[in-house]
Amino acid sequence: MTDSIKLTIYRRDPDLDTAPKYQTYEIQPEPGQTVLMALYHILENVDKSLAFRASCRSAVCGSCGMHINGKNRLACETQLAPLGNEICIEPLPHLPVLKDLVVDMSSFWRKYEKVRPYLITLKEPPASGKERLQSIPDRKKIDDFIDCILCACCHSACTLDAWSDGYLGPAVLAKAYRFVADTRDEGGAERLKLVGSEEGVLRCHTIFNCTEECPKRIPITFGIQEMKKKVVWGKLTGKM
Amino acid sequence: MLKHQVIVIGGGLAGLRAAVESARLGADTAVLSLLYPVRSHSGAAQGGVNAALANMPECKDDSPAKHAYDTVKGADFLADQDCAEILTTDAPARIYELEHWGVPFSRTEDGRISQRPFGGAGYPRTCYAADKTGLYILHTLNEQAVKLGIKVYNEWAAIALASDGALNHGLVALNLQTGEIASFAADAVVFAVGGAGRIYKRTSNAMQSTGYCLGVAYKAGIPLKDMEFVQFHPTTIVGTNILMTEGARGEGGYLLNNQGERFMQRYAAKAMELAPRDIVSRSIQIEVNEGRGFPEGGGCVHLDLRHLGREKILERLPGIRELAISFLGIDCIEKPVPVQPGQHFIMGGIDTDKDGATILPGVYAAGECACVSVHGANRLGGNSLLECVVMGQRAGAAAGKFVKGKASAIKEAVLNDAAKKATAEVEALLKSSGKERLVNLRDEMAQTMTDQIGIFREDKAMREALATLHALRVRYRNVGVDAKHRKFNLDLLRTLELGGMLDVAESIAAGAVARQESRGGHSRLDFKTRDDANWMKHTRAHYTPDGARLTYTPVTKTKWEPEERKY
């Protein structure tokens with residue numbers, strides 16, 4: 001039998017608790033068990049008041065971003081075994097807590113909506129009604145950035161996000177870059193204006209926290225800097 | 001009281017597509033979703049979406065009619081043929097529209113949408129974006145909803161409809177974030193609540209694909225159709241049952257037994273691994289039952305992709321490679337992946353017509369939760385995302401037109417009554433000192449469904465399952481909720497869900513016991529053949545407190561006579 005492990009979980013119901021508390025649960029891990037499965041085990045068998053978000057359990061829905069042993073990760077794809085015998089699970093940092101591991105995402109979604117996060121086209125689609133053509137190499141340009149699942153792991157890992165309510169943050173900027181880099185999109189100049197301010201790409205200090213903590217390994221800092229180059233060039237040449 | 005002309009329940013592909021359509025028609029439209037829309041399980045769809053675009057050299061003479069025929073044959077002739085034709089005729093326009101909205105489809109050399117072969121299809125017809133097609137379409141539709149300014153009620157669970165029997169007046173829902181219960185006045189409600197996989201133990205579906213919300217429609221008097229037809233996907237990862245896309249076989253992957261043999265040659269010599277899912281799942285189960293499987297996870301076979309080579313796997317199947325590495329520690333470039341069939345889809349659902357309308361005026365349904373029927377007894381891979389966008393659009397249009405230019409006929413008294421009743425039920429659950437516990441009831445239901453209403457079925461086991469489900473429904477009346485807090489009370493939510501799940505499970509079992517034939521996903525050891533003379537008809541389950549009451553309706557035939565399904 002494997003040794004038991006200790007899961008220490010951040011607990012807080014803001015209606016009742018003035019401060020968070022950390023509660024420790026001892027469990028017998030099963031081979032291949034993930035952090036998410038351990039949370040379900042606790043919810044079902046030990047403490048039914050525990051709150052967390054989850055759905056797909058296969059790293060695609062983005063619900064279960066959490067701060068696990070000091071790093072933002074998706075609980076569903078994080079195996080218990082490599083984490084050792086003492087595991088600390090906290091909500092994503094820098095976001096208000098609704099209950100336990102559930103954070104208030106409303107500021108995140110508000111920022112997301114600010115960058116006009118949809119394809120902007122000026123020209124009508126082909127008269128045939130068929131698809132716009134896009135070459136394989138052009139399509140490849142957005143390969144990494146379309147994989148974003150909006151889990152907010154990068155957003156809450158960004159120290160600049162923590163300092164400023166107004167900063168759009170890496171996830172939202174990555175979404176903007178997904179369109180800036182899409183050869184079908186014609187909203188480039190407008191979108192660069194939306195992100196080309198102190199609250200946008202200019203605030204990024206290239207600390208790389210976002211890129212390091214992205215569960216999908218999206219080179220977020222790269223995208224931000226690509227946009228920053230365009231913005232700075234636009235300002236230098238008087239086009240922005 | 002909150003009020004909208006149209007409220008769509010569910011923010012997945014079908015729900016968002018319906019909401020976009022209804023909003024475009026000018027109706028005041030809102031989405032009410034248990035999850036943030038981008039968290040919906042549509043996002044886990046991998047392989048692609050079918051449309052006869054004829055973009056590949058091998059499919060120059062493909063057409064919507066051929067797509068419809070494949071769909072009807074795949075459905076084992078239980079699909080309504082007029083509806084299958086609508087599905088495939090609307091398909092190209094819906095896919096091009098998605099491209100215009102920004103879906104990053106994979107491309108052909110000449111820049112068009114690329115297509116791959118899928119099971120049961122005569123041509124490479126499945127449009128795809130690597131192996132993350134659902135994720136990209138879901139995010140694109142969410143972007144369109146943002147663009148149109150559609151109001152979304154995030155993390156609300158619909159718990160009851162407000163109907164007076166002649167007309168629906170809205171719904172009652174629980175706000176998960178606050179614990180508050182509120183009523184929503186709505187002239188039209190569209191159900192787009194997805195699948196019910198969690199009724200089963202082994203399922204590819206998300207934790208939140210409980211199907212409880214089908215129970216909300218069912219309890220309001222709307223029949224559930226063809227519920228006995230459940231799809232088991234042949235290739236889910238052993239243990240977690242996470243999906244390995246059919247695209248893996250579409251790209252040329254093999255299924256191997258413990259002799260290293262491509263056993264599909266015994267079951268579908270021509271189509272091999274690309275036979276329809278019901279056939280491949282049964283074949284795998286036979287291999288396992290007859291001792292030619294591997295022991296992991298109670299029996300499995302191998303999905304072997306090694307011969308595809310590193311480059312093709314990284315380009316076409318990067319997502320499932322990551323999944324197998326994360327959840328099994330196996331890199332499919334170097335090793336085969338152990339897979340087994342798992343519940344994946346319900347062909348049945350809320351009974352609708354070809355525009356998503358139910359028998360209750362003002363209520364519509366679309367996507368997996370609905371049954372039009374386009375999938376009949378077995379759905380083809382690539383047709384579910386298609387159903388979401390085609391039927392989502394049609395249901396959204398129908399709802400939008402239903403409310404347009406009409407004075408609202410909402411009776412507040414009906415809504416208030418429904419809210420009072422739902423609130424009393426929730427409060428009673430929170431106060432209950434009932435002895436039964438959620439986890440026991442839920443596990444027993446799921447195990448029973450997997451063991452006794454699974455891939456192979458027979459009378460005795462199914463009757464026992466039905467009796468177990470009846471007993472569970474009785475025990476559920478004595479269930480207690482231990483967690484008493486208001487915000488994000490998962491114990492409460494999951495207990496509420498279980499009530500609906502048990503009703504839905506019972507409708508599956510009842511339909512399955514009654515149907516004395518084998519057709520598509522319903523495969524009986526005691527009635528091994530299809531019986532068109534007696535059973536070419538749809539089952540309709542009507543809710544009663546004692547269990548489903550079954551009636552039957554005819555299947556619509558247009559062009560195709562039933563034939564033997566050979567692949």
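**Core, sheet and contacts**

Mentor: Start with one residue. Beyond its neighbours within four places in sequence, B:Leu171 is in contact with B:Ile7, B:Ala158, B:Ala160, B:Leu161, B:Ala162, B:Phe184, B:Ala186 and B:Val189. Contact means that the C-beta atoms, placed from the backbone, lie within 7 Å.
Trainee: Where does this come from, and how are things labelled?
Mentor: This is a predicted model: local features need pLDDT of at least 70, side-chain atom pairs count only at pLDDT 80 or more, and totals for chains, interfaces and linings use all residues. Residues are numbered from 1 along each chain as its sequence is written, while chains are lettered from A and ligands numbered from 1 in the order in which they are written.
Trainee: Which residues touch the most other members of the largest nonpolar core?
Mentor: B:Ile9, B:Leu171, B:Val190, B:Phe191, B:Ala217 and B:Tyr364, out of 262 residues in that core. Such a core is a set of buried Ala, Val, Leu, Ile, Met, Phe, Trp, Tyr and Cys residues joined through C-beta atoms within 7 Å. Buried means 20 or more other C-beta atoms within 10 Å of the residue's own.
Trainee: And what gives the largest share of this core?
Mentor: α14(B), with 13 residues. Helices here are DSSP runs of H or I, at least four residues, and strands are runs of E, at least two, numbered from the N terminus.
Trainee: New topic. What is the strand order in the open sheet of three strands?
Mentor: β3-β5-β4 in chain B, with antiparallel pairing. Strands pair if DSSP finds at least two bridges between them. The edge strands are β3 (49-50) and β4 (115-116) of chain B.
Trainee: What stands opposite B:Gln115?
Mentor: B:Cys127, in β5(B). β4(B) and β5(B) pair over two bridges.
Trainee: How many residues does each chain put into the contact between A and B?
Mentor: Chain B gives 41 residues and chain A gives 41. On the chain B side, α4(B) gives the most, with six residues. That side divides into 19 nonpolar, 12 polar and 10 charged residues. Nonpolar covers Ala, Val, Leu, Ile, Met, Phe, Trp, Tyr, Cys and Pro; charged covers Asp, Glu, Lys and Arg; the others, Gly among them, are polar.
Trainee: What domains does chain A have?
Mentor: Domain 1 (5-103) and domain 2 (106-236). Those bounds come from an automatic or database domain assignment. The domain centres, taken over C-alpha atoms, are 29 Å apart.

Definitions and conventions:
Contact = placed C-beta atoms within 7 Å. Buried ≥ 20, exposed ≤ 12 C-beta atoms within 10 Å, placed from the backbone.
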